[in-house]
Amino acid sequence: MTRTIVNELGTITISEDVIATIAGLAAVESYGLVGMSSRKLTDGIVELLGRESLGKGVEIGEENGQLHIDVHIIVSYGIKISEVAQNVINQVRYAVETMTGLKVARVNVNVRGVKLTARK
């Protein structure tokens, strides 16, 4: 599925995969985030996605002509989850709206796991 923007200069078509990749890259820049998780949860096992497949942790939908984005993340142990989630929401909304020109109605954050990270 694609999103189309029509203006006086012509038509712009943006793939859903492009939007998902933008959202995934914006999310991983958030403080307290270990990484993205796959949308599919098999046998309760959470898979940490590599940088090349961040779009697999994002679902894109539409309601009333606006995007809604579901992001699946893994957070770092000891960090306040609500703060991480709010930061992810702000980062994703800003990045997608700025880079694509599309309006984001909402961003849902699904915390799939908590990971203990090594301290320095």
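**Exercises on a predicted protein chain**

The protein chain has an accessible surface of about 7400 Å² (Shrake-Rupley method, 1.4 Å probe), and carbon and sulfur atoms account for 50% of that surface. The model is predicted: local features need pLDDT of at least 70, side-chain atom pairs count only at pLDDT 80 or more, and totals for chains, interfaces and linings use all residues. Residues are numbered from 1 along each chain as its sequence is written, and side-chain values use heavy atoms, with hydrogens and water left out.

**Exercise 1.** State which elements the protein chain contains and their order.

*Solution.* Count the DSSP runs: helices are H or I runs of at least four residues, and strands are E runs of at least two, numbered from the N terminus. The protein chain has two helices and six strands. Read from the N terminus, their order is β-β-α-β-β-β-α-β.

**Exercise 2.** Determine which residues of α2 are buried and how they are arranged around the axis of the helix.

*Solution.* Locate the helix: α2 covers residues 81–100. Next, apply the cut-offs: buried means under 20% relative accessible area and exposed over 50%, with partly exposed in between (1.4 Å probe, protein chains only). The buried residues of α2 are Val84, Ala85, Val88, Ile89, Val92, Ala95, Val96 and Thr100. Seen down the axis of α2, these buried residues fall within an arc of 150 degrees (taken from the directions from the helix axis to the C-beta atoms), so they line one face of the helix. On the other side of α2, Glu83 and Tyr94 are exposed.

Note on methods. The expected span of a helix is 1.5 Å times one less than its number of residues.
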